[in-house]
Amino acid sequence: MIPILGVIVGLVIGILVPYGMPAGYSLYVAVGLLAALDAVFGGTVASMRGVFELRLFVSGIIGNTIISLILSFIGEQLGIPLYYAALFAFGNRLFNNFGVLRRLLIDKYSKKNRSSTKIN
């Protein structure tokens with residue numbers, strides 16, 4: 001729940017604080033944001049499974065973001081769209097984590113409803 005709250009607070013701050021970004025950085029921001037969102041969804045899934053570790057979460061955000069930004073930068077210097085690799089990898093993991101999160105939530109709430117409707 002805390003990661004989702006952090007995303008909401010970040011969105012509100014981002015909307016309220018007027019800041020313009022040069023168009024040349026838009027690719028890096030998009031890839032970095034996707035890497036961070038992947039880590040947030042992964043952390044939420046780990047938290048729901050009861051195996052969340054803060055060190056893994058923080059190292060995942062930092063490591064994934066740095067690797068994706070370096071990959072994008074090298075690709076831009078070579079004239080090859082290497083950022084597609086990061087977009088595919090993190091996009092795929094994001095949707096997989098969302099599917100797992102959805103299943104965990106459905107299982108959690110369907111068990112609550114079944115236990116509250118049982119008559120002893």
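Colleague: Ground rules before we start?
Modeller: It's a predicted model, where local features need pLDDT of at least 70 and side-chain atom pairs count only at pLDDT 80 or more, while totals for chains, interfaces and linings use all residues. Residues are numbered from 1 along each chain as its sequence is written, and side-chain values use heavy atoms, with hydrogens and water left out.

Colleague: OK, how do the axes of α2 and α3 cross?
Modeller: Helix α2 (residues 26–49) and helix α3 (residues 54–78) have axes that come within 9 Å and cross at roughly 155°. Helices here are DSSP runs (H or I, at least four residues), numbered from the N terminus. Axes are lines fitted to C-alpha atoms over the stretch in contact, with angles from 0 to 180 degrees between N-to-C directions.

Colleague: So parallel or antiparallel?
Modeller: Roughly antiparallel, a label for angles over 145 degrees.

Colleague: Which residues make the contact?
Modeller: On α2 they include Leu 27, Val 31, Ala 35 and Gly 43, and on α3 they include Phe 57, Ile 61, Leu 69 and Glu 76. Contact means heavy atoms within 4.5 Å.

Colleague: And by class?
Modeller: The contact of α2 with α3 has 11 nonpolar, 7 polar and 2 charged residues. Ala, Val, Leu, Ile, Met, Phe, Trp, Tyr, Cys and Pro count as nonpolar, Asp, Glu, Lys and Arg as charged, and the others, Gly among them, as polar.

Colleague: Switching to pockets: how much space is in the largest pocket?
Modeller: About 240 Å³. A pocket is an open set of points on a 1 Å grid over the protein atoms alone, where a 1.4 Å probe fits, with protein on both sides within 12 Å along at least five of seven lines; lining residues have an atom within 4 Å of a point. The volume is the space filled by probe spheres set on the points.

Colleague: Which helix gives the most to that lining?
Modeller: α1, with 6 residues. The lining of the largest pocket includes Ile 2, Pro 3, Leu 33 and Phe 57, and divides into 9 nonpolar, 2 polar and no charged.

Colleague: What about the second largest pocket?
Modeller: Its volume is about 180 Å³. Of its 14 lining residues, Ala 39, Gly 42, Gly 43, Leu 56 and Phe 57 lie nearest its centre. The largest share of that lining, 5 residues, comes from α2.

Key. Helices (H or I, at least four residues) and strands (E, at least two) are DSSP runs, numbered from the N terminus. Angles under 35 degrees count as roughly parallel, over 145 as roughly antiparallel, 65 to 115 as roughly perpendicular and the rest as oblique.
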